Amino acid sequence: MHSYDVDKLYAAIAEDFFVARARASATGGKDNIRALGDGPEKAVRDWIAGVVGSQYRVTEGHVVRADGRKSKQIDIIVVRDLPTATMYSRDKGATELVRAECVAAVGEVKSSWYHDARVLESYVEMIQDMERMQDGLLIKNSNRFGRPSPDTSLDDLTAPVTGRKWRNSCYKFLIALGMGSCDLRNLAKNVGGIGIPPEDAWVLILDSERGGASCAPHRMKNGQATFGVQAEVYREENDAAVSNCWTTFQETHSDPGVAAGRLLNLFLADLQLHLATSSWEFQDPRRYVRLSQPLRRRHPQEQL
């Protein structure tokens, strides 16, 4: 029987990210911020695109709503691959406008954790953007904790979601390719201190010399730890009063490459768990159409 080494596999993937960052730095230089970010962003985006499955695709751009609101530029957008997902796209790999109803996950990629405050401010801006984008669009799961209510639908009973209040909440993540000035001892405190709730979110720092660290939602239950999406998805009714908290953890392997690879593997498993336990309903894309007043008078029966 043949076998493969998981640690070596993910260590090699992490090394690809570091190489992309180094190449972008060498060709773009410090004065070309766009070129410096494009290399590692594209490397991470291409990797995620290859592992999220046929129901999703990965792009970059802006998330938009029918009422005209638009998010900031987002490095990585994981989209449910439906005909209704894209509002505008020029070329493959170019910036897209993606309808908010179809977004499953969003992420930022930084070439380094250059400054705690600036990196976290950028992250929380993206999270707040997505909260505004999804406001009023989330589909409530009335079968929370497996207990039906008078409002429970067939979709609620069959959707593979247990602990989440909402069936289609957006997963948010930040990946930094370098420890930089990160204060690991206070990372969880700093992340929580700027108002990022410990729900479906993840902070991943990979470093070619120090291995890296992760900061994720965490809960202790019966003496065992659950973290990331698992901390929320597998909640039971008697856990309702127990809240998640942010926890920073590191991989202790002596080889920094292996340590970084293991953290990357853990992050991917968490992202895939979110995608596998989400359920979706989509609104008619005609909501995004804006007709002029003369056209509305000519077609008064049109309901858009």
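Predicted model: local features only at pLDDT ≥ 70, side-chain atom pairs only at ≥ 80, totals over all residues.

Colleague: Which residues point each way from β7, and are they buried or exposed?

Modeller: A201, V203, I205 and D207 point to one side, W202, L204 and L206 to the other, and all are buried. That's seven of seven residues in β7 (residues 201-207), so the strand is largely enclosed by the rest of the structure.

Colleague: Okay, what about pairing? In which sense do β6 and β7 pair?

Modeller: Strands count as paired when there are at least two bridges between them. Here β6 (residues 171-176) and β7 run parallel, with five bridges, and F173 sits opposite W202 of β7. To get from β6 to β7 the chain goes through helix α5 (residues 187-193), making a right-handed β-α-β crossover.

Colleague: And how does β7 connect to β8?

Modeller: Through a hairpin of three residues. β7 and β8 (residues 211-221) pair antiparallel over five bridges, and L206 has G212 in β8 as its bridge partner.

Colleague: Now the cysteines. How many disulfides does the structure hold?

Modeller: For a disulfide, two cysteine sulfurs must lie within 2.5 Å. The structure has zero. Take C102: the closest cysteine sulfur, in C170, is 12 Å from its own, which is too far for a bond. C245 isn't in a disulfide either, with the nearest cysteine sulfur, in C215, 9.4 Å away.

Colleague: Are C102 and C245 buried or partly exposed?

Modeller: C102 has 2% relative accessibility, so it counts as buried. C245 is at 37%, so it counts as partly exposed.

How values were computed:
Residues numbered from 1 in each chain as written. Heavy atoms only, no water. Buried < 20%, exposed > 50% of the residue type's maximum accessible area, 1.4 Å probe, protein only. Helix = DSSP H or I, 4+ residues; strand = E, 2+ residues; numbered from the N terminus. Right-handed = clockwise from strand over helix to strand, strands pointing away.
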